[in-house]
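Please examine the sequence and structure shown below before reading on.

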Amino acid sequence: MSKSRRSSWNAPAIAAQKRRASEDPDAASPLVMVTAYDAPGARMAHEAGVDLILVGDSLAMVVLGYDDTLQVTTADIAHHTGAVARGLKSSDSENRVPMVVADLPWMAYHTDPHEAVRNAADLIRAGAHSVKLEGGRKRLSMIEPILDAEIPVMGHLGLTPQSVHAMGGFKVQGKEHDAALELVADAKALAAAGCFAIVLEGVPDAVANMVTASVDVPTIGIGAGNGTDGQVLVYHDVLGIEDRITPKFVRRYADVKSASVEALSAFADDVRTRAFPDDSESYHLSSDAAETLGLYGGLGE
Ligand code: KIV
């Protein structure tokens, strides 16, 4: 199939998955989202058949080495969104092309609605198909103008990492009666405003189920149990590239870090013992050229 004719996921199609799943659970499986931050990661996610790629502000922690997500800017996310978009464009996979969601980072949508729209537009111009932002009713005055500018918005409720200091750490949210009801009210407000999907992070499974039942747009869970309309994990966690932090909700499907350390050690050993490169990995002069340079013996092609 030519690249231009591949079908793609988009906001209305993602939103419609929940209705399709309720009409015929066999016809619509849970949505699969994974983060990616560069072109090879995007190509692998496409080849694996994921539905959505999130250029998350987790970039700050898993790629750039910061302790929280507060350090990245819209320009950082745009830079990596461009790489993901180029990766998908050059991908050979015939799978349906994942929708690219880019995170609006902290302070990109907290003070001024015009600035929020401009920042969202920067991410769309970089190659995203939608933006994600954290917070519920408190953020509606920023979400509405972004939606008015025809940019699809994914919400994010529960453990919202941009609120790490306000929450007093990365802590499970919605554990008490009132907090659970607040989450439901926030989700309803986001769905009513027009968000096409909502990430639910770090909430008890029963609360995630309540939220999921209360909205007609898909919920995509991370650390929110098995009852949401989809699941998302961070690329470096799924692949075992990041092995220092192991939250309970992460399942590692590979040990890429160990495989990488092993490969790099083998390379280092080969260099130090001159086992690399060998003859087949080197370029050679023709014997004529070698002769004109006064080089003789064993330099043939
Ligand atoms: O930035 C991110 O990776 C996220 C996911 C954890 C949902 O927001």
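## Glu 242 and Arg 244

Glu 242 is buried, at 9% relative accessibility, where buried means under 20% relative accessible area, exposed over 50% and partly exposed in between (1.4 Å probe, protein chains only). Its salt-bridge partner is Arg 244, with 2.7 Å from N to O; Arg 244 is exposed, at 65% relative accessibility. A salt bridge here is a side-chain nitrogen of Lys or Arg within 4 Å of a carboxyl oxygen of Asp or Glu.

## Basis of the model

The model is predicted: local features need pLDDT of at least 70 and side-chain atom pairs pLDDT 80 or more, while totals for chains, interfaces and linings use all residues. Residues are numbered from 1 along each chain as its sequence is written, and side-chain values use heavy atoms, without hydrogens and water.

Seven salt bridges are found in the whole structure. Among them, Arg 137 pairs with Glu 182 at 2.7 Å, N to O. Arg 137 lies in the loop between β4 (130–132) and α6 (140–148), and Glu 182 lies 45 residues away in helix α8 (residues 177–193). Helices (H or I, at least four residues) and strands (E, at least two) are DSSP runs, numbered from the N terminus.

Arg 137 also forms a salt bridge with Asp 186, at 2.6 Å, N to O. Asp 186, in helix α8, is 49 residues from Arg 137. Asp 186 is buried, with a relative accessible area of 14%, whereas Arg 137 is partly exposed at 35% and Glu 182 is partly exposed at 43%. Shared partners join Arg 137, Glu 182 and Asp 186 into one network.

## Domains

The protein chain is divided into domain 1 (3–254) and domain 2 (259–292), with bounds from an automatic or database domain assignment. Their centres, taken over C-alpha atoms, are 44 Å apart.
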